[in-house]
Amino acid sequence: MSSLLEVENLNVHIKTQLGIVKAVRGVSFSLQKGETLAIVGESGSGKSITVKGIMGLLPNNGKIAEGTVFMEGKELSKLPEREMQKIRGEDISMIFQDPMTSLNPTMTVGKQIMEVLHEHHPEFSKETLKEKAIEQIRLVGLSNPETRFGQYPHQLSGGMRQRVIIAIALACNPKILIADEPTTALDVTIQAQILDLMKELQGKIDTSIILITHNLGVVANIADRVAVMYGGKLVETGNLRDVFYQTAHPYTKGLLASIPKLHEHNQQLFSIPGTPPDLMDPPKGCPFAARCPHTMKVCEAYMPEYTCLSETHKAACWLLDERAKEQGKDGADNA
Amino acid sequence: MFRYICKRIVYLLITLLIILTTTFFLMKKLPGTPFDSERFSLLPPEQQTQMLEKYGLNDPVIVQYGKYILNVAKGDFGTSFFYSGQPVSGVILGRIGPSALIGLQAILIGLSIGLILGIIAAWRHNSGIDYFTMVIAVLGVSVPNFVAAALLQYFIGLKWGILPVAFWESWKCSILPSVALSFSVTAMIARFMRTEMLDVLEQDYIVTAKAKGLNQFKVLMRHAVRNSIIPVVTILGPIVVNLLTGSLAVENIYSIPGIGSLFVDSIKTNDYSTIMGITVFYSSFYIFVMLVVDVLYSVIDPRIRLASNGKGD
Amino acid sequence: MTKTEIPQELFVKAEVDKEAREHIARPNLTAFQDGWLRLKKNKAAVCSLFILIIVILLALFGPVFAKHTFFDTDYSQIYKSPSAAYPFGTDQFGRDQWARIWQGTRISLLIAFTAAFIDLFIGVTFGAVSALFGGKVDAVMQRIIEVLVGVPQLIIVILLMMVMPAGIWTIVLALSITGWVNMARLVRAQILKLKSQEFVLAARVLGTSNREIILKHLIPNTVGVIVINAMFDIPSAIFTEAFLSFIGIGLAEPNASLGVLINNGYHVLQNFPYLLIFPALVIILIMVCFSILGDGLRDALDPRMRQ
């Protein structure tokens, strides 16, 4: 099966007053048709920048320094802006983190949905556009679609706005939907509704989803595959089961350990000590070395390469190296 | 919304009353009446009393005040001392045309150039045109309008003879004064628009718009400009003040028969019923503009419009 | 280097400095040090400050170095173009324009600084009292403000100027009677905003006294707003003074202010443009510098405005 989206060695640099931030460093992954890939990581790990790089929506001071993005054989990273505009909203859409600020406050909900339809289907008449927009509002489960059509964003709650944003994103039946922390800003009860909606619509319109999140609960709920990012690098990727049950990278282990568990009382919440690396001047070895409980000398000096643990599962960590395993045996023997 | 407007109107009426009262009593404190000037003292005493009688200057101050307020409410500002007995309201009305023409032209010039500069400057942030706009913005508010007017008159009118130097004979005469007045308007609008746009361009919904696949121009016009142009309404108040102030000097410099020059002339001749008339006129106009701005802003910004509806305000 | 070349001995557990993990890279600065550092980076603002200092020094000492006083007339030297003896020329009475311009600058700056200071004093007091007392006091004071903002400033200033005897202090008084309202509104808004912010609530919860809260939290965080607004008050006062003198109800001859000089120069503009151009340049220079410095200060003291 050939993949829908193929990201190869993506490097994104952001120029700031203080220097160049190497926000994404050599990220590679692929996305299959109909699957849901979750990119997991803490703030500043480069996950948002990665997808913005794919969409060609990097801020003015950011640029793709190296690497390629292929979608169905087309190299997106080399496409002229005009061609890219045709792809945005039509083939790849995006949902954003904060529904409160992601809609234009002075434009009605209906117009904002019609706008994307009109952009990619200029042949539609006004009536068709309106019909389709209302249809779209109904699809995302909002009551009274006709009323909603003429309302302004501030008249809707956060959850309803996120539904509108989903309606906009899915209006043209995109092949890929990128959701950048779509539930982070919402109440917990609404979060589940939005995720369910996304799953339901994915089935209906057969789209692939890239979901960015730092919430592993969300990942377990919706993802087929997981990619864990840290310090601008992909540290572990694999199927949901691989990553959750055969966890290979100490950072992923730390993330999983820091999920609060309801049935274990009287336990202090686990947290990973330390702060993420400064990507202005990234460490030359493993970015997680400074916080890792198993740091070896090699981790600080050399960047770990990927070790394939199975056909679907790989991780970048020196602990997976043969030599470390030997050393580990020695250490165990000594103890 | 309706209640809000009523509340505003009440405040504005109180403001107006305070201005009227202040004006009235300050005028009473003026060193003498217009008849103080030499010509008046030459008149025979009986004629002097007759004139004082005629202008109601012999009543006790409080009676004069009451009469004055009543008359103002009726739109009667008394008669001008200087323009031998013409009603002040008539004198003012006759002068509105030129002032209005110049003011409107200045706003038009300022609005169009200011908006364009502001939009381009924000869009091309930190580019040459951005710096140029900032320089214009700083100069526009820093060069006093009477200096700008005088320099324009000297260079374009006198030295190069491109446009009429002064007076009010044809539409051409209104160009220089309008341009002189428009400088600060351009500066204020360009600066404000630039700041607003820069702010809006950072907003998440701009990214949403780009993610829809809109091209730069559509993102800019439909989403960025639309949202940043709304608050520009709020600086209309300061702009009108600026124009009123400017018109006093500029109309004088270009000898334009407008209200500004009438005001300055009446100050120089102590023609105090005219001064009071213009004071009331200016204040009411200013207050009216502020009210319009308030209402307009809530009408064109859906967030305010509906938020206040929701509260039943 | 390929993977296989890495020596085996590196695969041993490393010591990690636990302190270094929590290291915070940026130095700790107070708001003012931070603001000053940021202001220093703004070349235009520093340059303006420098020019303003020079102008103020010239206003203070310029007349001292002139060979003539600003009121000395010399009818043999009327309307002299700028020369070595008279750097800015002479006027219709043969008075030295150099001495008059710096004297005028001195008066204009004196008026502006005094008026701005009085504005600041009344405005800050009014705004602070209104915000700190709250409740009915605030309600009444707010109504007063709401009525006063509707008053067109210039009209009242002009009326006051007509009633009171002409002179520097009349202008100062007229300017400060009308000028403080804006400052009061800004100060009140700022204090109200601070009062509801978490760090003040936290201080209150921890049992900090009102006095401490005002001294440690409210005042330091309001100074920025006050300084910035005062910076914009000064050029506006300079403008108003010049404007009044220009339309003939400000200061009068033989007194000199920039407005008087511009008015004087305007009347002979056709034949002796330098009499208008020099004082006009000085006033523009002052206004531009204050404007840029004010912007610079706002960017430096108000981190939210930082880009």
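Biologist: Which strands of chain A does helix α10 lie across?
Modeller: This is a predicted model. In it, helix α10 (residues 250–257) of chain A lies across β3, β9 and β10 (233–239) of chain A. Its direction is at about 105° to β9(A).

Biologist: And how do β3 and β9 of chain A pair, parallel or antiparallel?
Modeller: Parallel, over four bridges, between β3 (residues 36–40) and β9 (residues 225–230) of chain A. One bridge joins Leu37(A) to Arg225(A) in β9(A).

Biologist: What is the strand order of the open sheet in chain A?
Modeller: The order is β6-β7-β8-β3-β9-β10-β12-β11 (chain A), which makes eight strands with mixed pairing. From one strand to the next, the twist averages 20°.

Biologist: Which helix lies across β6 and β7 of chain A?
Modeller: Helix α6 (residues 158–170) of chain A does, at about 170° to β6(A). The β7 strand there is residues 176–180 of chain A.

Biologist: Switching to chain C. At what angle do α4 and α7 of chain C pack?
Modeller: About 35°, and the axes of α4 (residues 97–133) and α7 (residues 168–195) of chain C are 5 Å apart.

Biologist: Is the crossing of α4(C) and α7(C) left-handed or right-handed?
Modeller: The crossing of α4(C) and α7(C) is right-handed. The residues in that contact of α4(C) with α7(C) are 23 nonpolar, six polar and three charged.

Biologist: Next, how many residues do chain C and chain B put into their contact?
Modeller: Chain C gives 33 residues and chain B gives 37 residues. On the chain C side, the elements with two or more residues touching chain B are α5 (135–149), α6 (153–163), α9 (210–246), α10 (258–267) and α11 (274–301) of chain C.

Biologist: What's the residue make-up of the side of chain C that touches chain B?
Modeller: That side of chain C has 28 nonpolar residues, four polar and one charged.

Biologist: Last topic, chain B. Where does UniProt put the transmembrane regions?
Modeller: The unreviewed UniProt entry lists residues 9–27, 102–123, 135–155, 175–193, 229–254 and 274–297 of chain B as "transmembrane region". In the model, residues 9–27 of chain B are 100% helix and 0% strand, with end C-alpha atoms 26 Å apart. Residues 135–155 of chain B are 90% helix and 0% strand, with the end C-alpha atoms 22 Å apart.

Biologist: Which residues of chain B carry the domain annotation?
Modeller: UniProt, again an unreviewed entry, gives "domain: ABC transmembrane type-1" for residues 96–297 of chain B. That stretch of chain B, residues 96–297, is 80% helix and 0% strand.

Definitions and conventions
Residues numbered from 1 in each chain as written. Chains lettered and ligands numbered in written order. Predicted model: local features only at pLDDT ≥ 70, side-chain atom pairs only at ≥ 80, totals over all residues. UniProt positions renumbered as here; feature names shortened; annotations may be inferred. Axes fitted to C-alpha atoms, helices over the stretch in contact; angles between N-to-C directions. Left-handed = near helix turned anticlockwise from the far one by under 90°. Nonpolar A, V, L, I, M, F, W, Y, C, P; charged D, E, K, R; others polar. Contact = placed C-beta atoms within 7 Å. Pairing = 2+ DSSP bridges.
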